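User: Hi! Could you walk me through how the parts of this model fit together?
Analyst: Happy to, let's take it step by step.

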Amino acid sequence: MKNEFQVIAKLIEREKKVLDVGCGDGILMNFLKNNKKTNIRGLEISKSKVQECIAKGLTVIEGNAEKDLKQFPDKSFDYVVLSQTLQAFLNPELVINELLRVGKKAIVTIPNFGYWRIRLHLLLKGTMPITKTLPDEWYNTPNIHMCSIKDFFHFVKSRDIKIFKSLAINNQNVSIINNKNLVIKNFIADLGIFLIEK
Amino acid sequence: MNTENNIKTLIVKKPLKLDCGKTINEFPIAYETYGSLNEKKDNAILVFHALTGDQFVTGLNPVTKKDGWWSYAVGPGKAIDTKKYFVICANVMGGCMGSFGPSHEDPKTGTAFGTNFPVITINDIVNAQYNLLDHFGIDKLFSIAGGSMGGMQVLQFISNFPDKAKTVIPIACTSSHSAQNIAFNELGRQAIAADSNWKDGNYAYEKTIPNKGLAVARMAAHITYLSKKGLQEKFGRKLQEREDLKFGFDADFQIESYLRYQGSVFVDRFDANSYLYITRAMDYFDLAKQFKGNLADAFRATKAKFFIISFTSDWLYPTQENKDIVIALNSIGADVRFVEIESDKGHDSFLLDVPDFLSALKNFLDKSYIEN
């Protein structure tokens with residue numbers, strides 16, 4: 001399981017009720033179910049991935065986070081997880097609001113557009129950055145609302161959303177982001193993980 | 001139509017109070033089973049058939065001599081694997097394959113009930129079938145499954161008996177018949193009523209058969225089971241055994257010939273009054289209304305796992321209506337899975353060889369059975 005998922009799993013205590021938004025083929029779900037006795041649900045837009053989850057015995061519904069989160073009652077999950085998909089929504093702010101309505105807490109991870117490789121790519125090549133985390137060309141990328149760790153940090157503060165924990169991931173290294181090191185972390189991390197609450 | 005041979009029947013002794021207010025006693029429920037019930041009696045699946053189905057789910061139907069209606073999904077090694085599971089299916093009340101219905105003899109008159117048969121509901125139908133659990137000594141079913149009207153019975157069953165099934169699979173169905181659904185059913189009923197042989201339902205006494213009306217009802221309904229794309233690909237404007245148009249009202253087009261054939265074979269196996277009664281039961285189905293408009297309340301008492309399946313090209317019970325059930329279940333935190341299967345075979349997709357559907361069904365059942 002990738003490092004990002006291990007970090008997310010560590011943030012979740014045992015026997016909690018969790019919704020994985022954009023759960024893909026259910027790797028994180030399966031891990032939480034088996035290792036943390038999590039009461040885990042998933043929402044996934046791809047039919048084939050939903051099928052894979054069903055075959056693994058996971059409770060997943062086919063749906064679109066921008067339309068289908070509204071069916072879940074307020075604070076009906078302890079945690080709602082959104083891994084690297086915020087940037088693909090038409091209206092990320094609305095999705096964040098929905099995550100925080102449905103979940104007591106939300107765990108959001110974002111590919112960091114402030115990562116130095118991305119900056120360097122644009123600076124030197126003058127073309128849209130392509131990295132391991134962001135492998136698509138500008139014309140076929142699903143990512144339409146990229147942001148940096150700094151952007152997200154400022155965004156949640158301006159919306160009175162509480163940040164419990166913000167973590168920067170760079171390869172295998174995980175470190176804590178705070179106000180003081182924000183500029184550096186925004187430069188060296190390719191992924192940000194935020195535990196937030198409203 | 002209704003040969004007594006090959007039909008297993010349970011005579012229900014317990015009186016059943018119907019939604020219409022009447023009570024029935026000592027009525028027959030015809031059923032069939034596949035596979036075998038294990039010692040723990042925890043491998044039983046109750047399958048519910050759709051409007052024109054019957055208890056002969058798979059293999060050769062001994063009455064019609066055709067394949068059972070769910071032969072693609074049910075059988076040894078199939079999605080509902082009869083090597084593992086004990087499959088039970090009953091002919092619905094109001095039907096014409098041995099269960100209590102309008103073609104049964106009314107002891108008061110000595111002839112078929114006809115339209116003197118009480119109007120029944122999906123609720124009555126599942127309450128009648130519930131007696132099969134006692135009959136087999138099954139405390140809790142491993143699963144209940146069905147498509148179309150079968151799915152409506154699944155929903156009603158788990159609402160009525162919340163702790164009697166571990167897994168619940170409503171397929172291509174709705175929790176409430178729409179105006180369009182009712183409209184198509186009414187078209188079928190009026191086609192039957194317009195046949196002079198129908199005789200206000202007393203055709204058994206009059207020794208006539210309203211075959212023409214029933215065939216037209218079937219033709220109209222059959223169109224609703226297919227998608228526009230599916231029809232276009234299969235038939236297009238192809239002509240039926242002729243080089244050119246004949247400038248008449250014979251079946252010039254293959255689609256006409258196909259529908260006429262579907263109508264003609266249907267009347268050999270189905271009773272016109274049964275068609276009226278069962279379509280009426282479907283039209284009356286509104287599960288939310290039974291719970292003062294809150295569908296979620298229908299499922300509040302159950303801990304069962306739900307798997308809801310719809311099909312992209314089904315316009316009779318479209319995905320949104322299936323999703324409404326998912327939404328109701330999620331609103332109460334129920335264990336619900338949902339997938340919309342890509343298929344251009346229309347509403348009938350659940351009866352056909354649609355691999356994505358069959359594998360989803362199999363994976364869900366087998367995985368749930370292991371975790372059971």
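**Overall size and packing**

User: Which radius of gyration does chain A have, and does it agree or disagree with a compact globule?
Analyst: One thing first: this is a predicted model. A compact globule with 198 residues would have a radius of gyration near 16 Å, so the value for chain A agrees with that expectation. Chain A has 16 Å.

User: What does the C-alpha trace of chain A span along its principal axes?
Analyst: Chain A holds eight helices and eight strands. Along the principal axes, its C-alpha trace spans about 45 × 35 × 30 Å.

User: Are H1(A) and H2(A) parallel or oblique to each other?
Analyst: Helix H1 (residues 3-11) of chain A packs with helix H2 (residues 27-36) of chain A at an angle of about 40°, and their axes are 10 Å apart. Angles under 35 degrees count as roughly parallel. H1(A) and H2(A) are therefore oblique.

User: Which residues of H1(A) meet H2(A)?
Analyst: On the H2(A) side, the partners are Ile27(A), Leu28(A), Phe31(A), Leu32(A) and Lys36(A). By class, this contact of H1(A) with H2(A) has seven nonpolar residues, no polar ones and one charged. The residues from H1(A) are Phe5(A), Ile8(A) and Ala9(A).

**Where the chains touch**

User: Which element gives the largest share of the side of chain A that touches chain B?
Analyst: Here 14 residues of chain A are in contact with 19 residues of chain B. Helix H3 (47-55) and strand E3 (59-62) of chain A are the elements that give two or more residues to that side of chain A. Its residues divide into seven nonpolar, five polar and two charged. The largest share, five residues, comes from H3(A).

User: Is H3(A) roughly parallel or roughly perpendicular to H11(B)?
Analyst: The axes of H3(A) and helix H11 (residues 355-371) of chain B come within 8 Å and cross at roughly 25°. That angle makes H3(A) and H11(B) roughly parallel.

User: Which residues of H11(B) meet H3(A)?
Analyst: From H3(A), the residues taking part are Gln51(A), Ile54(A) and Ala55(A). The contact of H3(A) with H11(B) has four nonpolar, two polar and two charged residues. Those in H11(B) are Asp356(B), Ala360(B), Asn363(B), Phe364(B) and Lys367(B).

**Inside chain B**

User: How many residues of domain 2 of chain B are in contact with domain 1 of chain B?
Analyst: The domain assignment of chain B gives domain 1 (8-176 + 287-371) and domain 2 (182-279). Taken over C-alpha atoms, the centres of these two domains are separated by 26 Å. Domain 1 of chain B brings 25 residues to the contact, and domain 2 of chain B brings 19 residues.

User: Is the crossing of H6(B) and H8(B) left-handed or right-handed?
Analyst: The axes of helix H6 (residues 211-225) of chain B and helix H8 (residues 254-269) of chain B come within 8 Å and cross at roughly 125°. H6(B) and H8(B) are therefore oblique to each other. Their crossing is right-handed.

User: How do the residues of the contact of H6(B) with H8(B) divide by class?
Analyst: H6(B) contributes residues including Leu214(B), Met219(B) and His222(B), while those from H8(B) include Leu259(B), Phe266(B) and Val267(B). The residues of this contact divide into seven nonpolar, five polar and one charged.

Notes. Residues numbered from 1 in each chain as written. Chains lettered and ligands numbered in written order. Predicted model: local features only at pLDDT ≥ 70, side-chain atom pairs only at ≥ 80, totals over all residues. Axes fitted to C-alpha atoms, helices over the stretch in contact; angles between N-to-C directions. Helix = DSSP H or I, 4+ residues; strand = E, 2+ residues; numbered from the N terminus. Parallel < 35°, antiparallel > 145°, perpendicular 65-115°, else oblique. Contact = placed C-beta atoms within 7 Å. Nonpolar A, V, L, I, M, F, W, Y, C, P; charged D, E, K, R; others polar. Domains from an automatic or database assignment. Rg over C-alpha atoms; globule rule 2.2 N^0.38 Å. Left-handed = near helix turned anticlockwise from the far one by under 90°.
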